[in-house]
Amino acid sequence: MYNFIRGPLVWVAFLVFIFGTAYQVYRFYKLSRPKERYRLRIPFGKPPKDPDEAPDEPTLTWWQQMRLSVVGVNPVMVSVTTLFHLALVITPFFVLGHNVLLDLAWQISLPSLPEALADGLTIVVIAGGVFFLLRRIFLARVRAISTVYDYLVLLIATTPFITGFLAYHHFFDYDTVILLHILAGEIMLMAVPFTKLVHMPYFFINRFVLVHENTLGAGGSRTWR
Amino acid sequence: MSSNDQAPINQDEVRRILDQHKDKTKTALRVCAHCSLCADSCFLYHVHDKDPRYMPSHKFINSLGKLYKKKGKIDRAGFQEIEEIVWRRCVLCTRCYCPLGIDIPEMIAIARDICRSQEVFFQWSELEQPAE
């Protein structure tokens, strides 16, 4: 069992994660379609410039726009969710223990964060998880759409960090905790394409591929309808 | 109330429309992280004292989401509830914001399609007139 979890299952988890996520992105491209170039026809008056080239003339300052956006409306949630997700994605790559393992196996490694910082980022993830849990329990609008499944997904996402924290500080029996940590990480990776965690690729699809007023970067290239 | 109240629901027809949009519905239901960030983008949510039933995700999950999960096996009373959601709690202004890019208006529009196929729709003529 121990050998299976730290051996073949690691490969299975990474393959499921990579190919599953690629499949979900492929599905998005199949379900959406390229944006059309609309050309407005004005029946009279001066012919307009190419609508794609006409500069947007902002009537609001950037600060006013910010206040009206999701950042201004839900500042606490947006701050917490940003920190939580950044810490969740960045920490595993740069934590010292992971890089030591990589080095032992393949003689390659990424730069490592100072241990205290990695520990702090882990606490950020756990604290964010607690924030989401409390929000789900106490905010009426979140409770209204919450099911057992939502709590399960939150557990899947935070368990690798809780067990990682326990293992690093040698709380409880180290061998058991580290095995649970590996297993939890594998479960999380495999859950990404097939549970609500699929919002991981969809966050980027929404921000960089779909065309809407909040698209970043090049302005998007595809629409749902 | 809508016309043709008593006729049985044609489940084959409901399932046919559901199947047409199956992949999109499934994807939207899966991508929705139940984060509730869409709530504040709905003006109806605000004018109804932040009643969670007016939150865009709540409307889509309880209309098309419900039809999809029950594979269309919803009786006429259930359809009346969906009519309430997709016509009275949503005007399809398409201003809702989803941080994960779900096209919520499209989901509501599909639910409306399914309702119309069963003669369930909003009738303006039966709207109560304000007292003079």
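Two residues are in contact if their C-beta atoms, placed from the backbone, lie within 7 Å. Keep that cut-off in mind for the first stop. The model on screen is predicted.

**Stop 1: where the chains meet**

Show chains A and B together. Contacts link 23 residues of chain A with 23 residues of chain B. Now colour the elements of chain A that give two or more residues to this side: helix 2 (8-31), helix 4 (70-73), helix 8 (140-143) and helix 11 (199-209). Helix 11 of chain A supplies the largest share, five residues. Colour by class next. The side of chain A that touches chain B has 14 nonpolar, four polar and five charged residues.

**Stop 2: chain A as a whole**

Chain A has eleven helices and two strands. Along the sequence the pattern reads α-α-β-α-α-α-α-α-α-α-α-α-β. The radius of gyration of chain A is 22 Å, well over the 17 Å that the globule rule gives for 225 residues, so chain A is more spread out than a compact globule. Of the 225 residues of chain A, 22% count as buried. Consider also the contacts in chain A between residues at least 6 apart in sequence: 55% of them join residues at least 24 apart.

**Stop 3: helix 9 of chain A**

Select residues 148-168 of chain A, which form helix 9. At 1.5 Å a residue, these 21 residues should span 30 Å, and the end C-alpha atoms are 30 Å apart, which agrees. Where does helix 9 of chain A bend? Go to A:Thr158: the bend there is about 40°. A proline, A:Pro160, follows within four residues.

A:Thr158 and A:Pro160 are both buried, and so are A:Ala157, A:Phe161, A:Thr163, A:Gly164 and A:Ala167 of this helix. Then step just past the end of helix 9, to A:His170, where phi is positive at about 55°.

**Stop 4: helix 10 of chain A**

Move to helix 10 of chain A. Its 18 residues should span 26 Å at 1.5 Å a residue; the end C-alpha atoms are 25 Å apart, which agrees. Show the side chains of its buried residues, among them A:Val177, A:Leu180, A:His181, A:Glu186 and A:Met190. Helix 1 (2-6), helix 2 and helix 9 of chain A are included in what covers the buried residues of helix 10.

**Stop 5: the cores**

Bring chain B back. The largest nonpolar core has 58 residues. Which residues have the most contacts inside this core? Select B:Cys38, B:Val86, B:Ile104, B:Met107 and B:Ala111. Centre on B:Ile104. Leaving aside neighbours within four places in sequence, B:Ile104 is in contact with B:Cys38, B:Pro56, B:Phe60, B:Cys96 and B:Cys98. A second, separate core has eight residues, including A:Phe84, A:Leu88, A:Val95 and A:Phe161. A:Phe161 is one of the buried residues already seen in helix 9 of chain A.

**Stop 6: B:Met55**

Find B:Met55 in the loop between helix 3 (43-47) and helix 4 (56-69) of chain B. Is B:Met55 buried or exposed? B:Met55 counts as buried, because it has 27 C-beta neighbours inside 10 Å. Beyond four places in sequence, B:Met55 is in contact with residues of both chains: A:Arg141 and A:Ala144, together with B:Ser36, B:Cys38, B:Ala39, B:Cys42 and B:Tyr45. Draw a C-alpha to C-alpha distance from B:Met55 to B:Phe43. They are 9.5 Å apart in space and twelve residues apart in sequence.

**Stop 7: positive phi in two loops**

Go to A:Gln107, in the loop between helix 6 (96-106) and helix 7 of chain A. Its phi is near 55°, a positive value in a residue other than glycine. With 7 C-beta neighbours inside 10 Å, A:Gln107 counts as exposed.

Jump to B:Thr94, in the loop between helix 5 (76-88) and helix 6 (104-117) of chain B. B:Thr94 is not a glycine, yet has a positive phi of about 60°. B:Thr94 is exposed, with 12 other C-beta atoms within 10 Å.

**Last stop: B:Phe121**

Finish in the segment after helix 6 of chain B, at B:Phe121. B:Phe121 is partly exposed, with 15 other C-beta atoms within 10 Å. Draw one more C-alpha to C-alpha distance, to B:Gly101: 28 Å in space, for 20 residues in sequence.

Key. Residues numbered from 1 in each chain as written. Chains lettered and ligands numbered in written order. Predicted model: local features only at pLDDT ≥ 70, side-chain atom pairs only at ≥ 80, totals over all residues. Expected span 1.5 Å × (residues − 1). Bend = angle between axes of the 7 residues up to and from the residue. Buried ≥ 20, exposed ≤ 12 C-beta atoms within 10 Å, placed from the backbone. Nonpolar A, V, L, I, M, F, W, Y, C, P; charged D, E, K, R; others polar. Core = buried A, V, L, I, M, F, W, Y, C linked by C-beta atoms within 7 Å. Rg over C-alpha atoms; globule rule 2.2 N^0.38 Å.
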